[in-house]
Every structure is written in structure tokens, then in C-alpha cells.
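User: I would like to learn how to read salt bridges and helix packing in a model. Please take me through one.

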Amino acid sequence: MLLSTVIFLPLLGVIAIALLRGLGESAIKGIALAIGLITFVISLGLYTGFNADTATFQLGGTPIEWVSGLGISYHIGIDGISLWLVLLTTFLTPVCILAAWNSVEKGLSGFMMSLLALETGMLGVFCSLDLFLFFVFWESMLIPMYFLIGIWGGERRIYATVKFVLYTMAGSALMLVGILALYFQNDNSFDLTTLSGPFEHSDLLFLAFFVAFAIKVPLFPFHTWLPDAHVEAPTVGSVILAGVLLKMGTYGIIRFCLPLFPDAAEKFTPLIVPLAVIGIIYGALVAMVQPDLKKLVAYSSVSHLGFVVLGLFSKNPAGLQGSVLQMINHGLSTGALFLLVGMIYERRHSRMIVDFGGLSKRMPIFATVFMIVTLSSIGLPGLNGFVGEYMILFGSFVQGAFSKVYVVFATAGVILAAVYMLWMFQRVMFGTLDKTNENLPDLNAREIVVMLPLLLFIVWIGVYPKPFLNKMEKSVGLVVTKVQATPAMGQLENGVPVGTKLALRETEHEKSEKEAQTK
């Protein structure tokens, strides 16, 4: 009951706004913000009520038959992986509503209705345990996102919207074929919890699901829709797109591709890992030469999500936990960057880096917040990005000989991220203050309130990630168990990585042999 309330409460907000929009813009904003905050507060009950000692799905209640003749049911639940994505969604939605308080110039009621409807679609994706229900939520989130970009976007919004929808629909068609194939191999049931392989044509099924999720991530070379969608979307549309929608792709990989088709995942890992590394480096290099702030942040997402995919296919606890944590980190850091770019755009009506310079002299609060978020994005120790990237690189490095080569190249992405982010920050914040920017106001109280929760979690995860990792540990361990039968190299034993312990044991063994030979 609690989980269903969290999923569908935003839809009540949609109905309330539709019925009461005649009361004026203030009432519409108040209703949307109230629903967003209430949904977030209720969702905190999922955290407190979640049992971290088990990997089973929880808090979903008894499945309800939806279309009994076809084996379709309303079956929901969360584990330690989906828990954090649900909380990220409910957290970012009220932040976005408050951020858009004064920026929507037309159709405010439709904007807020689309945002709340989108929240329900995203929450449904992360909570569905019925494949048909999952597909319904997956497709339903396209409609409000289509309106958010197509109506409230930039000059090339129609092109960006159509491209976004076509890419997603192409992947959805493949995924639907895969879902139907699993349905017929699962005694005509869409129940995810009863699926157990091996499946016929598992290689093709893996590819059907993986391509759909790779498009959503997006993984190189399926990334070309993302920069256009980000640049043309309104600010909060970019925040939701980067913060939550892209995570639907990585969530699909860890929920479906790895545990359902472990043999196929193993077979295609030598192909997928290079694509992830190419995405890391390519996204960083292209971001480095962007003259547009928003486009720079958009390409940084391609690079950062490459790290997530790399960690997922390390197929060990350290790598997978790092990837799940990095999904959250990316949602916070990149979401904050898009908000900051939107705030400066509202003041200057330009996103070109060349139009700025010396803003720290005129906007010290903005510069301070921008600095913290920038350092978070490049993975500075003490901030959230470092923890996730370290776990991903460690898990990938210890997995096998082939992975070590790719990790070396992936690490270059960390260095390049520092280059393009710090260079961008230097050009925007330091130097000579242009006369056009002399009267730009600093962050107001509402904007500070928008940014403070994001900064809180950026520092919290960087300093003390244990509460976040503990909740997902058992669920990630179950995925690893399904993917590989042998002990994972990245597993922690008494707080020390197994790979490190094994290396120490091998070193001690070699030392003993040398001593014996000397004697």
C-alpha cells in the first residue's frame, strides 16, 4: 500500500491541477509543490521500512491480477537497488518544481501536470515486477517528456523531441519482442520473480533488452539523441532527464540483462566494455571543446554513464555497488549543474562560455555552489563522485587481465573530466568581468533553498557513504550470485577487498617460497 501510494500520488496532483487550474498560477504552483513534497516524505517510509538483511523484493504487497487470461498482474516491489532510484526520483521532483517557480512563461498548469505524470511513470519503472507493467510504465513516461521538451523547449525543440521519441521507441520495440519471448518461456506469465533461465535464444534476448537499455543510458554509439534533448529541454527537463531517465537504462541492465542472461552477458562483455570506455573518453573530449555550457554538461553525462556501464559489467560486488551509487551521484551532481546553468541563463539569456568571465566577483554565492558541484562532478575525494568512481575502477581492475587494460584508458576519463570542468569553471568565474555582466544578481533565497539539499547529499555521500551502500549490499550480492558462481574478486571481507587479500596471500606465498629456496 505504501509503495502504491508513492507511485500514484503524483497522479492525484495531476487531477487536482486539472480541476483547480482556474484558481491561478500561485495555486497551481502550491499544489504541485505540496504533492511533490508529500510524495517525498512518504517515500522516506520506504527507507525506514526496508529490511537490508534480505535481497528479496519488499513493500509491494500481494500481486493483484490485472488481466488474468494473459497472466498480467499488478505486481510491484523494491530491493536495495531500486530503493535508491525511487528516493532519487521523489527527491528531485519537488526540487525541480521549486526551481521552475518563475521560469515557465506559458502553460504553467500543463507544465506541472507533465512533471508530476512523469514522476509516476519513472517510479513505476523502478517498482514493477511484472514485465508487462514495466513496459507500460516505460512507455508512459515518454508522453509527458515529449510535452516538456516539445512545448517548453528551445528553438529546435521539435527536432530534439522527435529524435528522442524515435530512439526510445526503436529500443522499446526490441524490448517488447524480448518480453513476449520470455512470456512464452515462463508458462505464459509476465512475473519477473518467477523467471529462471536458461532461456532459448538467450543471446538474442540479451541483445534485445540490452540495446533498448543502451539507447536510454545512452551508451556509445547510441548517444546522439542526448545532447539535442538536453540542450533544447527546459532546465528542469534536463535535470529529470539526466537525474532519473538515463538511470532507467542502467537499472534495466542490472535488473534484466545481467541476472536473466548471465551466459550471454559474459559472451558480450568483451564487446560492451570497450564501448563503455570509448564513451568515457569520447564524451570527455567532445565536452572539452563545447562553447555552450549546457551542451558541455550534456556530453559529460555520456562520459559519466560510461563509468556506470563499465562497473556493471565488472560483475562483482565492488563494481556493481559503485555503479548503483554512481547512478545516484550523477543524478545529484549533473542535476545540480543543469540547475546552475539554468539559473545563469535566466539572468544573462546566454549559455555561451565566451559571454561570461569574472562572475565570482559579482556572484560569490553562485560561484561557491558552482565550485562544489564542479569538484563533485570530477570526483574530488570527500565528495560523492569520488566514492562511486573509485569502487567502479577498483571492481573493474580486479575482475580480470583484460579489464585492467580498459581501466587504464577509463582512468584517462577522470583526468579529462578535471580538464574540461575546471577549464570551464575558470573561464566562467575568473578573469575580467564584462560590463554586460556587472548587474547580474547573485542567487536569491529560493535558489539557495533549491541547491542546499543537493549540496547536502553531495557532501554526505562523499564523507559517509555507508548508509547508502548497506541498503544495496544484499541485492547487489544476489545479482552477482546469478551472474557468476565463483567468488567475486571485488567482494569485501571484513572491510578489505577480496582481491587485495588474495594479492597479499600470493605475495606472502611467493616470499615463503623464496625463503625456502634460500635455505
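Analyst: Start with the definition. A salt bridge is a side-chain nitrogen of Lys or Arg within 4 Å of a carboxyl oxygen of Asp or Glu. Keep in mind that this is a predicted model.

User: How many salt bridges does a search of the whole structure find?

Analyst: The search finds 7 salt bridges. One of them joins the side chains of Asp 203 and Lys 267, at 2.6 Å from N to O. Asp 203 sits in helix α8 (residues 202-216) and Lys 267 in helix α11 (residues 262-288). The two are 64 residues apart, so this pair links distant parts of the chain.

User: Is Lys 267 buried or exposed?

Analyst: Exposed means over 50% relative accessible area, and buried means under 20%. Lys 267 has 52% relative accessibility, so Lys 267 counts as exposed. Asp 203 has 24% and counts as partly exposed.

User: Which residue forms a salt bridge with Arg 351?

Analyst: Asp 292 does, at 3.3 Å from N to O. Both partners lie in loops: Arg 351 between α13 (317-348) and α14 (359-362), Asp 292 between α11 and α12 (293-312). The pair therefore ties together parts that are 59 residues apart in sequence. Arg 351 counts as buried at 19% relative accessibility. Asp 292 is buried too, with a relative accessible area of 8%.

User: What is the distance between the closest N and O atoms of Glu 447 and Arg 347?

Analyst: They are 2.6 Å apart, in a salt bridge. This pair also links distant parts of the chain: Glu 447 is in helix α18 (residues 445-463), Arg 347 in helix α13, 100 residues apart. Glu 447 is buried at 3% relative accessibility. Arg 347 is buried at 17%.

User: Which residues are linked in a network of salt bridges?

Analyst: Arg 156, Lys 163 and Asp 228.

User: Now helix packing. What describes two packed helices?

Analyst: The angle between their axes and the distance between the axes. Take helix α10 (residues 235-260) and α13: their axes come within 7 Å and cross at roughly 165°. Angles over 145 degrees count as roughly antiparallel. Therefore α10 and α13 are roughly antiparallel to each other. The crossing is right-handed.

User: Which residues of α10 and α13 meet?

Analyst: On α10, they include Ala 242, Gly 243, Leu 246 and Lys 247. On α13, Gly 331, Thr 334, Gly 335 and Phe 338 are among them. By class, the contact has 10 nonpolar, 9 polar and 1 charged residues.

Definitions and conventions:
Residues numbered from 1 in each chain as written. Predicted model: local features only at pLDDT ≥ 70, side-chain atom pairs only at ≥ 80, totals over all residues. Heavy atoms only, no water. Helix = DSSP H or I, 4+ residues; strand = E, 2+ residues; numbered from the N terminus. Buried < 20%, exposed > 50% of the residue type's maximum accessible area, 1.4 Å probe, protein only. Axes fitted to C-alpha atoms, helices over the stretch in contact; angles between N-to-C directions. Parallel < 35°, antiparallel > 145°, perpendicular 65-115°, else oblique. Left-handed = near helix turned anticlockwise from the far one by under 90°. Contact = heavy atoms within 4.5 Å. Nonpolar A, V, L, I, M, F, W, Y, C, P; charged D, E, K, R; others polar.
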